[in-house]
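Please look over the sequence and the model shown here before reading on.

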Amino acid sequence: MSTTQPYVPRAAERQRTQSRMRLDKRSQLRIWWREIDRVLLTLVLLLMAIGAVAVAAASPASARRLSTAAYRLDDLYFYWLHMRWQFLAVATMLGISMLSRNLARRGAIVLGAAMLVALFLVPFIGVEVNGARRWLNLGMNFQPSEFLKPAFAVTLAWILSWRVRDPNLPVIPIVTGLLVLVGVLLMAQPDFGSTILYVGTWAVLVVLSGIDMRRVGILAGCAMGAMFSAYLLYDNARHRIDAFLGGGSAFDQVDLARRTLLAGGWTGSGLWLGTRKLSLPEAHTDYIFSVIGEEFGLLMCGLITLLYLAIIARVLVRLLEEDDLFTVLATSGLVALIGGQAFINILVNLQLFPSKGMTLPLVSYGGSSTIALCLTVGLLLALTRRNPYLTRDGFDWLDALPKREGAKGRAKGEKA
């Protein structure tokens, strides 16, 4: 019996091609691992691991509140859902982090355009939950404003970086107009908390772009006027602010959150041993920081706060050696989103800020919001990738200007 293999045309060439592709993939992974900010990645994964345990602690409280006589949710219902979402979110984060800087920028801009269209559709075909219409149902509910956040920061950074090519371009009016458009669409839902976060991100990017401080003061005054108008015209925001300023009552959500947070003392009552969390609404999302305080103690709350500060500091330190204006602005905007949302959530739980319905980034339970936050981190990792063998001098605004403009700037500085 013959054992001769059948002849396959160009079999050897195909094998060589497949071998080269395998080697290319391995080399790309090695390059990615060499260039990625492994410290930032470790901090994010550690925060997500703490979040998984925190959702396990908060899941029974939310599951029991949502259970009915006809249908009872398992105590760990939200925990198992959260673990599935976390798996998809981590995969998304790692996949985005492997993109080149140009691909990450282009992808974020395309995503921003798509989510802006989705925001236009939300008031008409959106799903209403708790009196707010913020979600679209495309087989599953997702919140366009969550995915727009990282795209918004990257798009604004891209527009503001046009000044490097031509300092006379009206980039500030363009990004301000984009902010107004997004703010109007968000208030139509209504979503006052996210609007504040978008305004804060816009302010960070505009200041870092080198705008004259007098114009910053004018824009800040306009922003304060817009917020005062929202207080007058937006009933929900007015009621929450009035309740916050008036001290509220023992049955207010924020007051319950503060009491739950302090109930565990420094070391906490232990996993699943907390009792105050059972009366806390949205224990697995908006008020998970209070559940952590009750069951794991104020020391754990302090550790989580330090982790957020470490993430912000790590990104800023990474930017000290960056020589590209777009990267400086985009990365600053992305980390401002994460830090700003965490800051607001923690202050709400401490009864130092009106309730905003905002989750704790990378810790709270979430579906599309968890994926959107990991997409934000993935963009951060992609934009901060750097060859460790290349040295950089850091960003210099005058050097980034066109030669003629740079020469004028230096001449003015010498005369002064």
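**A walk through the model**

Phe78 is buried, with a relative accessible area of 7% (buried means under 20% relative accessible area, exposed over 50% and partly exposed in between, using a 1.4 Å probe and protein chains only). This is a predicted model, in which local features need pLDDT of at least 70 and side-chain atom pairs count only at pLDDT 80 or more, while totals for chains, interfaces and linings use all residues. Residues are numbered from 1 along each chain as its sequence is written, and side-chain values use heavy atoms, with hydrogens and water left out.

Phe78 belongs to helix α3 (helices are DSSP runs of H or I with at least four residues, strands are runs of E with at least two, and both are numbered from the N terminus). The C-alpha atoms of Phe78 and Tyr365 are 7.4 Å apart, although 287 residues separate the two along the chain. Helix α3 covers residues 77-97, and its 21 residues reach 31 Å from the first C-alpha to the last, close to the 30 Å expected at 1.5 Å a residue (the expected span is 1.5 Å times one less than the number of residues). The buried residues of α3 are Phe78, Tyr79, His82, Trp85, Gln86, Ala89, Met93, Ile96 and Ser97. Seen down the axis of α3, these buried residues fall within an arc of 120 degrees, so they line one face of the helix (the arc is that of the directions from the helix axis to the C-beta atoms). On the face of α3 turned away from the buried side are the exposed residues Arg84 and Phe87.

Which residues form a nonpolar patch on the surface? They are Val117, Phe120, Leu121, Phe124, Ile125 and Leu181, with about 600 Å² of accessible area together (areas come from the Shrake-Rupley method with a 1.4 Å probe, and for residues only the protein chains shown count as cover). Patches are made of residues with over 30% relative accessible area and no salt bridge, like charges being joined within 9 Å and nonpolar side chains (Val, Leu, Ile, Met, Phe, Trp, Tyr) within 5 Å. Helix α4, residues 101-125, supplies the largest share of the patch, five residues. Leu121 is found in α4 and, at 38% relative accessibility, counts as partly exposed.

Charged pairs come next. The structure holds eight salt bridges (a side-chain nitrogen of Lys or Arg within 4 Å of a carboxyl oxygen of Asp or Glu). One of them joins Lys149 to Glu146, with the closest N and O atoms 3.2 Å apart. Both residues lie in helix α5 (residues 144-160), three residues apart, about one turn of the helix. Lys149 is buried at 5% relative accessible area, and Glu146 is buried at 10%. Another salt bridge links Arg386 and Glu322, whose closest N and O atoms are 3.1 Å apart. Arg386 lies in the loop between α14 and α15 (397-400) and Glu322 in the loop between α12 (298-319) and α13, so the pair ties together parts that are 64 residues apart in sequence. Arg386 and Glu322 are both buried. Arg64, Arg72 and Asp75 are linked in a network of salt bridges, and Arg72 is exposed, at 58%.

Two loop residues remain. Trp272, in the loop between α10 (253-263) and α11 (288-296), has a positive phi near 65 degrees. Leu362, in the loop between α13 (325-349) and α14 (368-383), has a positive phi near 70 degrees.
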